[in-house]
Amino acid sequence: MAVLAVLQSVLVAALSAIAFGFMAVELRRLARLIASGTPGDEILTDVPAERLSKLVSFSLGHRKLKEDASAGILHAVFLYGFFVLGIGHLEVLLEGVTCFLVAFGGRAFTYDRVLPAGLTSAYHLSQDVFAAAVLVAAAIALARRFAGRPARLLPRSADGERILWFLLALYVTFFLLAGPSLLLRQRAAGAAALSLVQPVTSFAAVAFASLATPAVEALRGLGFWAHTLVFLAFAAYLPTTKHMHLVFAWPNLYFFRRQRYGLPPRTFFEKTEKFGIDQVQELPWKSLLDSFACTECGRCNSVCPAHATGKPLQPMKVLRDVKLNLRDRTDAALVSDSQIDRSRPGVVRGDGGYLQVDGQVHLDELWACTTCAACVQACPVLIDSVPGTLVALRQSQVMMESRFPQEATTAFKGLETKGNPWGLGPDRRMEWAEGLEVPLMSELAGREVEYLLWVGCAGATDPRARKTNQALVRILKAAGVDFATLGSEERCTGDPARRLGNEYVFAQLASENVATLTPYRFRKILVTCPHCLNSLGKEYREHGGNYSVVHHSQLLSELLAAGRVPLDLAKSSDELVTFHDPCYLARYSDTVEPPRDVLDRIGVKSVEMTQSGKSGFCCGAGGGRIFLEERIGKRVNVERTEQALATGASTVAVGCPFCMTMMTDGTKAKGVDEQVKVKDLAELVAERLRPGAS
Ligand code: SF4
Ligand code: SF4
């Protein structure tokens, strides 16, 4: 017996050293891989209190996971089970390592030797309850996967399922150990097999109650080894799986990005000759950390408009590609330009992704992104790098390889030569305002205005977007707002160039616009385009432009609330309106309520689409995609239009000129453009102006 006890100690110690040693080596390797990324120019250590609060609310508080109640409960059981049951696993290992003491007349270490009776009971109860809960949760999670529900967990992941089988084995063997242990303890105390502090274990104890004590001891030994071996195998296996998020999600939550949302690292043209990214190590370390923090829950895929419409892009796969490329294929470029014949059977998976390019991002994937940030919004561990990574890859394609969809050529040329992606010259930038007597900044002789009205390229060029600006001007005049525009001095903010990967053109346009704005005096910039809102308000800072920028929905909401807009509410009709949230307004600029407030205040009945607000579905125009053909899958704007039509609304309200184009095209494609109108918020307000008010 004494020899066996010593042997058991040696074996448990050796196996633990191997399992945890392997885990430590693998973790160190992964940490080094993550650190091999570039430092980036981001500040990720400021506001520690806010970072800690996010860390706690998103991890322990399950802030995002709660949105899907069943998944949230399952995850909470696994996470809290991990902490609580970890204490028990440690006891089992300590008992194993110290059982050699038996050879010297002592006893192996167990917590009851050092804990007071009350705490020992609490400990046993916690282990009992959590082991049973994790067992049930793992069984439910496996059943959900086999049943194909929810769809975002498809295709089934062998890795994910293996972990669940491990959990099942771990807690079946837990009860195989705990049941006989309880029975032996109770027999020694002359008590019945049942114990109130181990209610579930009691069932196992009762099941073995007919066995003689030597048989129960043998069964306990079997349970001990089975449980220990499964646990150590699990510990060694974990670092090789997606469950490494158990380690990497914590730092990822803490180092979340507050700035440069959806963008790659800044390019300093004067200091480098290589633009964009084509090797994985050129990504910032934070983007590499993101890839290891990913839980592969599929939430991002389920909200991605490109994925939903049959493009090969899946944000979760992009992260996986980054991880695989970093871990296993460090020599391969991150971009794959392989010719893929999508019509060939077996080339495209059931979920739309390509089979052959694991570990690389295919060109079709990187050009499919609308930079809508729905994937960012959906992620429970604050992974925000996918649109930025894809734009970084575009930068390399555009600025180093001159390889981009042919349709982008016209937009780039227009931006470079005319400062307008549609090629409208500066001399025609005020055509939209004919007859409206719109004041120009250049005519104010240095006087400060309240609002500089930024017209935007679409607003100056596109017939429908021109109408939005015309309606807005009528409202501003009726409300007595002091404003003026730049007229022919205005150039595109550069947003489409930046999102299409042409950072050089963006930088040029940004510098030009900042130089134009500098001599003028204005309190705020007013825009009708959320892309201009984001560029001017957030992205011009790095080019020396610090502006307070408001979207017209915000100003309209304020003017209406202050009673400054003379309305004739008798004009409010029975039209049912649904508002389509622009991604760059709701998600990038955190503006959800003002458009709805405007609709309320002008007395229209409104109805929400299933995906709305920050969880809205893109119109398909962002990321410069408005200038590109959509050759794969269903058109994103048609999908969004169908969602709008499903509400039964007769008017789709928008707050973005790109959304206006896409939704109007969508109603035409569905053949309902006569019955369902697409109108900007400004148009809806202007329709209700009191006669003669403007
Ligand atoms: S930004 Fe939008 S389109 Fe791009 S990967 Fe994320 S969800 Fe998909
Ligand atoms: S990126 Fe976030 S949402 Fe997408 S699979 Fe990973 S953890 Fe889930």
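Predicted model: local features only at pLDDT ≥ 70, side-chain atom pairs only at ≥ 80, totals over all residues.
## Domains

The domain assignment divides the protein into four parts. Domain 1 spans 2–243. Domain 2 is made of two segments, 257–337 and 351–400. Domain 3 runs over 415–560, and domain 4 over 566–687.

Domain 2 and domain 4 have C-alpha centres 28 Å apart. Their contact draws 15 residues from domain 2 and 18 residues from domain 4. On the domain 2 side, α11 (305–308) and α14 each give at least two residues. That side holds eight nonpolar, five polar and two charged residues.

## The shell around ligand 1

Ligand 1 is surrounded by 14 residues. The closest are Cys304, Cys369, Cys372, Ala374 and Cys375. Three helices, α11, α14 and α15, each contribute at least two residues to this shell. Two of these elements, α11 and α14, also supply at least two residues each to the side of domain 2 that touches domain 4.

By class, twelve residues of the ligand 1 shell are nonpolar and two are polar. No charged residue is present there.

## The shell around ligand 2

Around ligand 2 there are 15 residues. Cys294, Cys297, Arg299, Cys300 and Cys379 are the closest. The elements giving two or more residues are α10 (299–303) and α12 (315–328). The largest share, three residues, belongs to α12.

Eleven residues of this shell are nonpolar.

## A four-stranded sheet

The sheet is open and has four strands, in the order β4-β3-β5-β6. Pairing is parallel. The edges are formed by β4 (483–485) and β6 (549–551), each of which pairs on one side only. On average, neighbouring strands are turned by 35° against each other, direction ignored.

Strand β5 covers residues 522–527 and pairs with β6 over three bridges, in the parallel sense. Within this region, Leu526 has Val550 of β6 as its bridge partner. Helix α22 (residues 552–561) packs on the sheet, where the helix touches both β5 and β6. The direction of α22 makes about 75° with that of β6.

## Two loop residues with positive phi

Thr371 has a phi near 50°, a positive value in a residue other than glycine. Thr371 sits in the loop between α13 (363–366) and α14 (374–378). Is Thr371 buried or exposed? Thr371 has 27 other C-beta atoms within 10 Å, so this residue is buried. The threshold for that class is 20 or more.

Ser402 also has a positive phi, near 50°, and is likewise a residue other than glycine. The loop that holds Ser402 lies between α15 (386–400) and α16 (408–418). Ser402 counts as exposed because it has 8 C-beta neighbours inside 10 Å. The exposed class takes residues with 12 or fewer. Thus Thr371 is buried, whereas Ser402 is exposed.

How values were computed. Residues numbered from 1 in each chain as written. Chains lettered and ligands numbered in written order. Near = placed C-beta within 6 Å. Nonpolar A, V, L, I, M, F, W, Y, C, P; charged D, E, K, R; others polar. Pairing = 2+ DSSP bridges. Axes fitted to C-alpha atoms, helices over the stretch in contact; angles between N-to-C directions. Contact = placed C-beta atoms within 7 Å. Domains from an automatic or database assignment.
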